[in-house]
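Dear colleague,

I am handing over the structure below, and after it you will find my notes on what was found in it. Please read them with the coordinates open beside you.

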Amino acid sequence: MLSVRLSKHPKFGGVFRIDQAENRQLATMSLAPGKTVYGEMIYRIDGEEYRSWDPYRSKLAAAILKGLEENPIRPGSRVLYLGAASGTTVSHVSDIVGPNGVIYAVEFAQRSFRDLVENVCKDRPNIVPIFADARFTLKYRSLVPSVEVLYCDIAQQDQTRIMVENMRTYLKKDGQYLLVVKSRSIDVSKEPADVIKAEAAFLERNGYTVEEKIRLEPFEKDHAMLIGRKKEQE
Amino acid sequence: MKAYLIESPVGLFLIDKTGKIVEKALFPRNPKDAALVFVEIRKGVLPAEYEDFTKRVASLDIERITVDNQAAADLAKRIGGLSKVELNESDPAINRYRTRLSGMLVRLQLIESKDDYEKLVRDVSLELAKTAIGEAATRRDLFAVQTVRTIEDLDKVLNLLAGRIREWYGLHFPELDRLVEKHDSYIRLVQNLGTRDNFTEQALIDQGIPADKSQRIAEAAQKSAGAELPESDLAWLKEVCSSVLQLYKLREKAEGYTDKVLAEVAPNMSALIGAVLSAKIISIVGGLEGVAKMPASTLQVLGAEKALFRTITTGARPPKHGVIFQFAPIHTSPRWLRGKIARAVAGKLAIAARMDAYGGENQGVKMKAALDAKINELKTRYPEPPARKPGQNRTYGPPRREERGGRDDRRRFGGGGRDRRRWSPSGSGGGTGGGGGPRRHDRRDRERRQMNRP
C-alpha cells in the first residue's frame, strides 16, 4: 500500500488534498460513508472517509485546480443548484456544506433526475431534489427559501438569463453565484472567448459583478466559470 | 385587512401585515400523504378536506390577498374570491416570511425544530420526485425507443459475429465467403449443411439458393483450398451459428414489436417512413413530443450532426440527409435527387409527427399517397443529373484535412463548397457546391444493387 497523506485545502473549508506518491488529488469528506456515486476512489484515513474529486467530471473541482480565489460554497452554505444532472458535483457540494447546509438540486432531464434521486439524494439528508425546469423560476418557490449561493450549470442558449432570474427570486442580497458558461451551448459557431465575454457583460448589465473568470481547460473544453455577487446599490 | 398567502410542504398559511399567522391549513405529517396534497396545491386546487380553511378565511374581513406565484394565485381566488387577489412575483414581504416560516412555526409549536422543517421539506420533495419520475416514464414511445436502440445494437453485434463466423468457417471453405453475400444465408448454410462435401448443387437448391449460384458454390466446394474440419470442431461452430441465428430471429421479433407499438404511438409517421425508421428518429430526439416541436429542416438532418456542425463552424457543404437516408426512396435514388426527396420527406414527416404527438388523427394513407406523388413528380422533373458548369465544384482553397478520405462525393467531386470566410461567388446557380457530375451511377451503386439480391 502506497503511503497516503491527507491535508486540508489552504483556502477552502470542506475541501481536502490527498497526496499519494507523485499524485495529488482533491477530495471531500464523505457525508454518506461507504457509498460511491460515480465510481470515485474512497480513502479511509484516521477513521474518516474521503472521496476523491475528479476535475474531469466535476467543473467545480476543475475551477479549484485552475486557481479559484474564493469559494462561496462552504460548510453550512445553503445552495440552489441548477442543472444537478446525475449528481456528480452535487455529491461533493453536499460533502462540503455538510449536515448544517442544504442543496436545492434542480434538474429537468428525467433519466438524470432518476440517478440523482437513487444514487445521491437517498443517502444524503442535505439535498432536496426538485424535478423542474429552471426557466420556470416560481414553480419551486414553495420548496426553496432564500439561499446564499446559486450554482448554475445548465446547457441552454439563454443560460445566463435563466440564472439571473433565479438570482432575483432566490439569492440573498449578499449572496454569490457560480456560473458555468458552456460556450458551445450558447453559440456553437462563435469563439468561446467572445461568448464568455458576452455572458460576463450580460451579468454586469443586470447588476451583478464578475469577480472571477476561470477557463476550465484542460478539464473541460470551451468552458469557463464566472463568480460574482450582486452589485452594491449606489 | 391585507394578507399574504404562502404555500409550503407543511401547509397553507395566511399571514397579516404584522407577520402573524392568522389562519392555517396544515398538511399531513406523513411525507407520502403530504406530497399528494401538495401536488394538488401546486396545481392551484384545494383538496376537499380543507373546505374548512376556506370558510374560516371567508369569515375574516380581507381586502386583498397577495401571493408570489400563479398556483398560489389560483388557490387564493378559490378561497378569497376573484377581485381580491394580487400576484407579485418578487414580493419582498413574502420573501421575508418564507425565509422566516420555519422559525415562526417552531415558535407556534407547530413543528419541533427548524431541522424538522427541513427534513419535512426534503421528504416531501423526495416523494414528489418519485411521482414525477414515474409519470414521466409511462409513455409508450419510450419503450419503442429502447427497442429500436436494441435493434441498432443487434445490427452491430450481428455484423460483428457474422464476420467472425465467415473467417472461422473460411478456414475450411474460404471460397464460400465471396459467393454468399447475405450474412444470415451464409450462417444458415453452415449450420444446415456442415462440411463442404455436403455443399452439393441439389442440397444448395433445397436450401433456397438459386440454381446458377448453387452450381458455382458446389463447384467451388469441390475445388476448395481450405483445411479439413473435424466433427467436434464443426459441432462447436454450429453451436455458435445457432445462437447467432437466434439473434437474427430476435431482431425480427424486435421489428415486429416496433411495428406494433408505433402503429399505436405514431401511426402517421409510420405510414410515411415505416415504424423502425420513425422509432430511430424518436430515439435520436428522445421522445415523440420533441420530434413534433422540430422544424422539417432539422428532421431532415437528424443523425448527421457531425456533418451539420462542421458546416456551421467551417462553412463546409451541408449534409442532405441524416438517418432519413435509410428511407428506401432516398438511398435507392440517384444522387442528384436525394436532397430534394429528403426535403420533401422531412416536410411531410414534420406534419405527421405533430399529428401523432398532439392530435391522433390517422391520415397515414393519404399522406403516404401525397408523398409518393411528390417523389414521382421529382423523378420525372429531373431524370438527368444537372449540367455541371466547368469549375463549379472546385473549392476556393485546398481541401481541408478532414475532407481528405471523407465521404464519397467529397473525394470525387472536390472539396468543401462555399468558404464563407472569403468572398462567395455571385451567380453560381444556387451556390451549394453542385450535385453529381457527368458520372452518374457508379461502382458503389452497382455494388449496392447486387447486395439486395439473396
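**Chain B: overall picture**

Of the contacts in chain B with a separation of 6 or more, 59% are accounted for by residues 24 or more positions apart. Please keep in mind throughout that this is a predicted model. Chain B comprises 21 helices and 5 strands, and of its 454 residues 46% are buried.

From α8(B) the contact draws on B:H183, B:D184, B:I187, B:R188, B:V190 and B:Q191, while α11(B) contributes B:L237, B:K238, B:C241, B:S242, B:V244, B:L245 and B:Y248.

Elsewhere in chain B, strand β2 (residues 11-16) and strand β3 (residues 21-26) run antiparallel and are joined by 5 bridges, with B:L14 having B:E23 in β3(B) as its bridge partner. These two strands, β2(B) and β3(B), form a hairpin with 4 residues between them, and in the turn B:G19 has a positive phi of about 90°.

**The open sheet of chain A**

Chain A contains an open sheet of 7 strands with mixed pairing, in the order β8-β7-β6-β9-β10-β12-β11. Its edge strands are β8 (127-131) and β11 (212-215) of chain A, each of which pairs on one side only. On average, and with direction ignored, neighbouring strands of this sheet are turned by 15° against each other. Helix α3 (residues 110-120) of chain A packs on the sheet, where it touches β7 (102-107) and β8 of chain A, and the direction of α3 makes about 160° with that of β8(A). Within the sheet, strand β9 (residues 147-152) of chain A runs parallel to strand β10 (residues 171-182) of chain A, the two being joined by 5 bridges, and A:V147 has A:L171 in β10(A) as its bridge partner.

**Aromatic pairs**

Over all chains, a search of the whole structure finds 13 aromatic pairs. One of these is the tilted pair of A:Y81 and A:Y151, with 4.5 Å centre to centre and 35° between the planes. This pair links distant parts of the chain, since A:Y81 is in strand β6 (residues 78-82) of chain A and A:Y151 in strand β9 of chain A, 70 residues apart. Both A:Y81 and A:Y151 are buried. In chain B, one aromatic cluster is formed by B:Y169, B:F173, B:Y186 and B:F199.

**An enclosed strand in chain A**

Why can strand β2 (residues 15-20) of chain A be called largely enclosed by the rest of the structure? In β2(A), 6 of the 6 residues are buried, so the strand is largely enclosed in that sense. The burial holds for both directions, as A:V15, A:R17 and A:D19 point one way from β2(A) and A:F16, A:I18 and A:Q20 the other way, and all are buried.

β2(A) also pairs with two other strands. Strand β1 (residues 4-8) of chain A is joined to β2(A) by 5 bridges in an antiparallel arrangement, in which A:R5 stands opposite A:D19 in β2(A). The hairpin of β1(A) and β2(A) has 6 residues between the strands, and A:G14 there takes a positive phi near 85°. With strand β3 (residues 23-29) of chain A, β2(A) pairs over 6 bridges, again in the antiparallel sense, and A:F16 stands opposite A:A27 in β3(A). The hairpin of β2(A) and β3(A) has 2 residues between the strands, and A:A21 in its turn has a positive phi of about 55°.

With best regards

Note on methods: Residues are numbered from 1 along each chain as its sequence is written. Chains are lettered from A and ligands numbered from 1 in the order in which they are written. This is a predicted model: local features need pLDDT of at least 70, side-chain atom pairs count only at pLDDT 80 or more; totals for chains, interfaces and linings use all residues. Side-chain values use heavy atoms; hydrogens and water are left out. Two strands pair if DSSP finds at least two bridges between them. Axes are lines fitted to C-alpha atoms, for helices over the stretch in contact, and angles run from 0 to 180 degrees between N-to-C directions. Contact means heavy atoms within 4.5 Å. Rings of Phe, Tyr and Trp (its six-membered ring) pair if their centres lie within 6.5 Å; planes under 30 degrees apart count as stacked, over 60 as edge-to-face and the rest as tilted. Buried means under 20% relative accessible area, exposed over 50%, partly exposed in between (1.4 Å probe, protein chains only).
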